[in-house]
Amino acid sequence: MLVFAKIKSLQQKIKSLKKGNSIGFVPTMGALHEGHLSLIKQAKKENNIVVVSIFVNPTQFDKKEDLINYPKTIDYDLSLLKSIFCDIVFTPTAEEIYADNIQSQLFDFDGLEYQMEGKFRDGHFNGVGTIVKRLFEIVKPHKAYFGEKDYQQLQIIRKMVEKHLIPVRVIGCDIFREEDGLAMSSRNSRLTKKHRTVVPFIYKTIKYAKKKFGTKNALEVTNWVENEFKHQPLLKLEYFEIADEETLLPVKNKDPKQKSRAFIAVFADKIRLIDNISL
Ligand code: AMP
């Protein structure tokens, strides 16, 4: 496994390997877990060379405190990546990526950016678009892998690729969960023991909401979810929303012609967790 911190040396290596090989790319912010590894394993199956980036991107954090507290476990990450035979790891500094201008580009994602996460995380998707576009320009992968765990992000990246004519195939990957249903996330490591025991409630609730959406409309299901969280003093519901999978616009009723998904964001003390389920 080769590890590069500099763009130039990474690009030289990729260029020398590219001929006849397909390059799969998995961008991450590190603090790796089985969810990340599932993306990398899929990329390994579908490409000859897999590049993983580890970069905690400052421009996508709307809260400084969240950026500072974001878990960083680079030695452990590298040993995990080695154990699953990752080919290349890119670990740039913020300076290498942004030079002296740590700022987001402004994007128009045709409104996807104003829904759900966009209402609560100011500038987040401009930050995501900026870093993913930059990493695509550096790595120039054939395929790039993103988790459905961050479903809105996945749709926004698809939109960016389409609008900016970026020659990469974006592949969405299933959500990887703990045995108790909790969606794996780097942030889970920051949960207190007390909170860790209650957070499986998030997936349990959206799974039940899915069942209810068969007979009840979106408003009734949302009211039910909001009420359930009122009985959970350790968790604070930020939003629950049923939305169209493509447009991410709110859906009112179940319609067999429309693919919809339930999205949720919850605070467990200061740790913000998101999840979603296809309905
Ligand atoms: P992050 O390091 O949180 O930026 O995540 C890097 C990539 O891994 C993103 O495409 C995420 O959607 C994906 N990812 C994170 N957690 C999971 C999970 N539990 N299951 C599937 N993909 C995930």
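This is a predicted model: local features need pLDDT of at least 70, side-chain atom pairs count only at pLDDT 80 or more; totals for chains, interfaces and linings use all residues.
Begin by colouring residues 2-173 as domain 1 and residues 186-278 as domain 2, which are the two domains that the domain assignment of the chain gives.

Next, turn to where the domains meet, and select the 23 residues of domain 1 that are in contact with 21 residues of domain 2. Between them, domain 1 and domain 2 bury about 1,900 Å², with 51% of this area on carbon and sulfur atoms. Now show the side chains of Met-116, Phe-120 and Tyr-151, the residues of domain 1 that lose the most area to domain 2, together accounting for 32% of what that side buries.

To see which elements of domain 1 take part, select helix H3 (64-69), helix H6 (117-120) and helix H8 (151-163), each of which gives two or more residues to the side that touches domain 2. By class, that side of domain 1 consists of eight nonpolar, seven polar and eight charged residues.

Finally, select the ligand and the 17 residues that surround it, the closest being Met-29, His-36, Asp-150, Phe-176 and Met-184. At Asp-150, look for an N or O atom of the side chain that is 2.6 Å from an oxygen atom of the ligand. With the backbone shown as well, Gly-147 has an N or O atom there that lies 2.9 Å from a ligand oxygen atom, while a polar backbone atom of Phe-176 is 2.8 Å from a nitrogen atom of the ligand.

Notes: Residues are numbered from 1 along each chain as its sequence is written. Side-chain values use heavy atoms; hydrogens and water are left out. Domain bounds come from an automatic or database domain assignment. Contact means heavy atoms within 4.5 Å. Buried area is the accessible area (1.4 Å probe) that two parts lose on being put together, summed over both. Helices (H or I, at least four residues) and strands (E, at least two) are DSSP runs, numbered from the N terminus. Ala, Val, Leu, Ile, Met, Phe, Trp, Tyr, Cys and Pro count as nonpolar, Asp, Glu, Lys and Arg as charged, and the others, Gly among them, as polar. A residue is near a molecule or strand if one of its heavy atoms lies within 4 Å of it. A polar contact is a pair of N or O atoms within 3.5 Å; within protein, one must be able to donate a hydrogen and the other to accept it, and residues adjacent in sequence count only if both atoms are side-chain atoms.
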